[in-house]
Amino acid sequence: MKYLKYILRNVRRNKLRTLLTIMALAICLMLMTFLYGYLAQMEVWGREADKYNRVVVMHRQGFAGRVPFKTLDEVRALDGVVAATPFAWYGGKYGDGTEFFAQFGTDPNTLFEVWSEFKIPPDQLAAFKSERQACVVDRALAERLKLKVGDRVPLQGTFYQFNLDLKLVGIYESPETNLSLYFNLKYLDEGLRQLEGTGSAAAGNCGTIFFKAASADIIPDLCKRIDEKYANSSEPTKTQTEKAFSQMFVKMMGNIQNFILFIAVFVTVSLTLVAANGMAMSMRERTTEIAVLKAIGFPNHTVLAIMLGESILIACIGGLLGVAAGRGIYALAHQVAPMVIQISNMPWEVMAWGMLVAGGIGLASGIVPAVLAARLSVIDGLRRIV
Amino acid sequence: MDQSFQGPAVVVRDLYKEFYRDKLTIPVLMGTNLQVERGDYLALMGPSGSGKTTLLNLIAGLDRPTRGEVIVAGDDLSKLSESALARWRSQHIGFIFQLYNLIPVLTAFENVELPLLLTPLNKRERAEHVRTGLEIVGLADRMDHYPRQLSGGQEQRVAIARAIVNDPVLLVADEPTGDLDARSAREILDLLSRLNAEFGKTIVMVTHDPHAAERAKKLVHLEKGVLVDGNQQPRDQGIQVGTSEGIKA
């Protein structure tokens, strides 16, 4: 701490150079944390889901396949299944279509048992269970669409060629914004049965079944039992934890994730070189000064620590600004495009990772100039006129 | 520092220093012998390239000899490791440079405080030492000024305060007036004389300036790496003349 004042003064010595270095770091780290925040969303979902012992049953072929209602009834009957609820994607257009959000047909009687972390007033839940055209939305979506209980929510079919005329009967609170609308699957099924062709084929089915297990210990056995039971049926299943289900979405990104990783690595290397150049220039300008410090008795390791402290401080200031800006943009993106950025706050591990990268850049960019400074011959340093 | 040590401040015995440039070996000091008693004020003169600064650097523990001994305050510098030598310098040597070499981003106070950062003194104790140092050089009222806000003479006085703040055995000054006008140079020389007379500081000063050399109690000349007679009884003070071997390739 004795040397902090000297380090701070050195950081401010060439204000323009320091500012430009900090800005370069901040802008790149802002971009990187934003991109990683986007990728990390699914991880957050998976981590949160782990708390609730939820399991997902879907067709072995993935989202292209369907799961019959019969399977839902059989899953519900299994030992260790607390509650199970079906999910069927509707994908309708609301209003002029500029507001895009998820709409699922489900079972009002079990939705809030499986998603026990969702909180809804009892009277609203009762209305949801009793009214055929009822729907519920989370608080964030209600605010976004300026909806209140009692409003009509007309949805125009895009995936299925029929419309839904829903009535908002409840607004639930969820720990994390999920921007979803839930309505009675029976209402959707009635519509599907009236269609011809592929639409009618979807009737009597759902896309996925979510169920809540009594404990985490029994989940592997439950998954195995379910998949074995339907292995030779016309609708084989793939049963997995909600966390594994969320990671499917990460895997779907596949090359995009790797692409972002490559960009991040190259940006980090470039940034390190830029910062190292700045540090090297700074050290060179101060050769005589460093020699004086060593002449009056500063040991090599103290000189090394002072110089590294300087580069790490600059990088961390840049990192802090970059991460803060990345977080701000992330929150803004959540407001503007909530289906793309689904959680409002950037995961803390992404921010920690950003700061760690910043510190690493500071260390890597400063190490060579700092070692050179520490090893500088006092005689050569005093002789040099910069 | 071993304050109880009562022997000579500096003993240089059969000192050789060679530099290597490409394939050339350039001898700078050749068998130099020198003894400086505690409380002495010695001026080293000689033409450029005679080895004055090299000798000063070796005495100050900034460089290592090719062979020979340098003993300062009883410590044989050749036996100290790099880190031990750095620690030794911080405790025993005060440096005064021609170009002052203050840290431009630090105030006069902070510049003087620098050597004390290497000591176990706390902040309050450091501040007391710094104030004392700046009072001695007459700049107590400028402690918050940055080097750019001071004249050359004032900068050199701050540098002298920095050199004496940790009460070293030896002050080494390399052309301390070389970059100053006549009046400022006189002030600096007065200050050095006072440090020697009042505070008993041993001073070894390299200078080209005969006026500066006149202020020293003793004067020795170096020519081509060999000490030759000065004009103030160098032999009586234990200064021995070395032999010139010329420059060998």
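Predicted model: local features only at pLDDT ≥ 70, side-chain atom pairs only at ≥ 80, totals over all residues.
Residues are numbered from 1 along each chain as its sequence is written, chains are lettered from A in the order in which they are written, and side-chain values use heavy atoms, with hydrogens and water left out.

At the interface, 21 residues of chain A are in contact with 25 residues of chain B, contact being defined as heavy atoms within 4.5 Å. The size of an interface is often given as the accessible area lost when the parts come together. For chains A and B the buried area is about 2100 Å², with 66% of it on carbon and sulfur atoms; buried area is the accessible area (1.4 Å probe) that two parts lose on being put together, summed over both. The rule for polar contacts finds 8 residue pairs across the interface, both residues being at pLDDT 80 or more. A polar contact is a pair of N or O atoms within 3.5 Å; within protein, one atom must be able to donate a hydrogen and the other to accept it, and residues adjacent in sequence count only if both atoms are side-chain atoms.

On the side of chain A that touches chain B, the elements giving two or more residues are helices H1 (4-11), H12 (287-295) and H15 (378-383) of chain A. Helices (H or I, at least four residues) and strands (E, at least two) are DSSP runs, numbered from the N terminus. The greatest contribution comes from H12(A), with 6 residues. By class, this side of chain A has 11 nonpolar, 3 polar and 7 charged residues. Ala, Val, Leu, Ile, Met, Phe, Trp, Tyr, Cys and Pro count as nonpolar, Asp, Glu, Lys and Arg as charged, and the others, Gly among them, as polar.

Helix H12 of chain A also holds Thr288(A), which is buried at a relative accessible area of 19%. Buried means under 20% relative accessible area, exposed over 50%, and partly exposed in between (1.4 Å probe, protein chains only). The C-alpha atoms of Thr288(A) and Leu382(A) are 5.1 Å apart, although the two residues are 94 residues apart in sequence. Gln124(A), in helix H5 (residues 122-130) of chain A, is likewise buried, with a relative accessible area of 16%. Beyond its neighbours within four places in sequence, Gln124(A) is in contact with Val149(A), Val169(A), Gly170(A) and Ile171(A).

Chain B has 7 helices and 10 strands, and 57% of its 249 residues count as buried. Among the contacts in chain B with a separation of 6 or more, 69% are between residues 24 or more positions apart. A nonpolar core is a set of buried Ala, Val, Leu, Ile, Met, Phe, Trp, Tyr and Cys residues joined through side-chain atoms within 4.5 Å. The largest such core has 63 residues, and Leu55(B), Val72(B), Phe95(B) and Leu170(B) have the most contacts inside it. Another core, of 45 residues, lies apart from it and includes Val55(A), Val75(A), Cys135(A) and Leu145(A).

Over all chains the count comes to 30 salt bridges, a salt bridge being a side-chain nitrogen of Lys or Arg within 4 Å of a carboxyl oxygen of Asp or Glu. Between chain A and chain B there are 2 salt bridges. In one salt bridge, Lys5(A) pairs with Glu110(B), the closest N and O atoms being 3.4 Å apart.

Within chain A, Lys70(A) forms a salt bridge with Glu74(A) at a closest N to O distance of 3.9 Å. Both residues lie in helix H3 (residues 69-76) of chain A, 4 residues apart, about one turn of the helix. Lys70(A) is exposed at 53% relative accessible area, whereas Glu74(A) is partly exposed at 24%. For the salt bridge of Asp107(A) with Arg76(A), the closest N and O atoms are 2.7 Å apart. Asp107(A) lies in the loop between strand S5 (102-106) and helix H4 (111-114) of chain A and Arg76(A) in helix H3 of chain A, so the pair ties together parts 31 residues apart in sequence. Asp107(A) is buried, with a relative accessible area of 15%.
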